[in-house]
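Subject: Structure handover

Dear colleague,

Please find the structure below, for your files. My notes on what was found in it follow directly after.

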Amino acid sequence: MGGDALKARLVAGAQELGIALDTVQAAALMRLLTELRECNKRFNLTAIREPADMVDKHLLDSLSIQPHLHGKRIADIGTGAGFPGLPLAVINPRRSFTLIEATGKKVQFVRHAIETLGIENAEIIQARSETWRPRAPFGCVIARALGRLADFVRVAGHLCARDGRMLAMKGRHPTAEIDELPPGWRARALHELQVPGLAAARCVVELERA
């Protein structure tokens with residue numbers, strides 16, 4: 001699939017999610033994938049290598065939680081190669097994104113991507129979220145692949161403002177994990193996600209302080 005077809009897939013998929021990408025945003029997101037594919041040859045940043053799969057599983061999957069973001073300052077925990085934080089930063093210029101990752105080669109790529117794409121509302125922090133202390137808590141803390149909900153709260157709950165939200169991107173409904181949430185936290189809502197190009201079940205669990 002060529003570059004024009006990939007961009008068309010991205011724009012159409014975003015439209016299905018209720019997101020109208022402008023020309024600049026679409027170009028930035030496609031450039032992000034180009035940089036990822038090139039760096040992946042040297043650093044093995046992601047196991048997803050087919051361009052069409054990268055559009056669906058990296059870009060569109062990241063954008064699918066757009067309606068559920070909360071507040072102006074957002075933290076992406078264990079961002080890996082920058083997902084979902086970087087795509088969300090591209091389409092939310094009036095929000096600020098702090099991406100947190102402990103693995104050096106992934107931090108290096110995210111920093112490169114931020115500089116190359118000129119994403120002024122995103123920063124990368126090399127740290128483990130459980131030991132990092134920001135200058136102020138965040139209105140929203142998100143994670144795409146961080147284990148069980150109780151672990152998410154344990155390692156990142158302190159980053160969330162008292163009236164903030166924590167968004168955990170999951171596959172099937174994690175009913176047992178919700179039941180295991182520690183005292184002081186509860187599931188505010190569970191939102192089904194319909195990601196274009198993905199047949200697998202996807203949802204986001206919205207957590208808040210009890």
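E177 is part of helix α7, which spans residues 175-179; helices (H or I, at least four residues) and strands (E, at least two) are DSSP runs, numbered from the N terminus. This is a predicted model, in which local features need pLDDT of at least 70 and side-chain atom pairs count only at pLDDT 80 or more, while totals for chains, interfaces and linings use all residues. Residues are numbered from 1 along each chain as its sequence is written, and side-chain values use heavy atoms, with hydrogens and water left out.

Surroundings of E177

With a relative accessibility of 12%, E177 counts as buried (buried is under 20% relative accessible area, exposed over 50%, partly exposed in between, with a 1.4 Å probe and protein chains only). The side chain of E177 makes a polar contact of 2.9 Å with that of K170. A polar contact here is a pair of N or O atoms within 3.5 Å; within protein, one must be able to donate a hydrogen and the other to accept it, and residues adjacent in sequence count only if both atoms are side-chain atoms. Leaving aside residues up to four places away in sequence, E177 touches G147, R148, L149 and K170, where contact means heavy atoms within 4.5 Å.

Salt bridges

There are 13 salt bridges in the structure, each defined as a side-chain nitrogen of Lys or Arg within 4 Å of a carboxyl oxygen of Asp or Glu. One of them pairs R202 with D61, with the closest N and O atoms 2.9 Å apart. R202 lies in strand β7 (residues 202-209) and D61 in helix α3 (residues 51-63), so this pair ties together parts that are 141 residues apart in sequence. R202 is buried at 14% relative accessibility, and D61 is buried at 3%.

A salt bridge also joins the side chains of R148 and E180 (2.9 Å, N to O). R148 sits in the loop between β4 (138-143) and α6 (149-156), and E180 in the loop between α7 and β6 (185-193), so the pair ties together parts that are 32 residues apart in sequence. R148 is partly exposed at 37% relative accessibility, and E180 is partly exposed at 43%.

Within helix α6, R154 and D151 are 3 residues apart, about one turn of the helix, and their side chains form a salt bridge of 3.8 Å, N to O. R154 is exposed, at 58% relative accessible area, whereas D151 is partly exposed at 31%.

Surroundings of D56

D56 is placed in helix α3 and is buried, at 3% relative accessibility. Its side chain makes a polar contact of 2.7 Å with the side chain of R9. Not counting residues up to four places away in sequence, D56 touches R9, D61, V195, P196, G197 and L198.

Cysteines

How many disulfides does the structure hold? The count is 0, a disulfide being a pair of cysteine sulfur atoms within 2.5 Å. For C160, the closest cysteine sulfur is in C140, 7.5 Å away and too far for a bond. C203 is likewise in no disulfide, and its nearest cysteine sulfur, in C140, is 15 Å away. C160 is buried at 3% relative accessibility, and C203 is buried with a relative accessible area of 0%.

Regards
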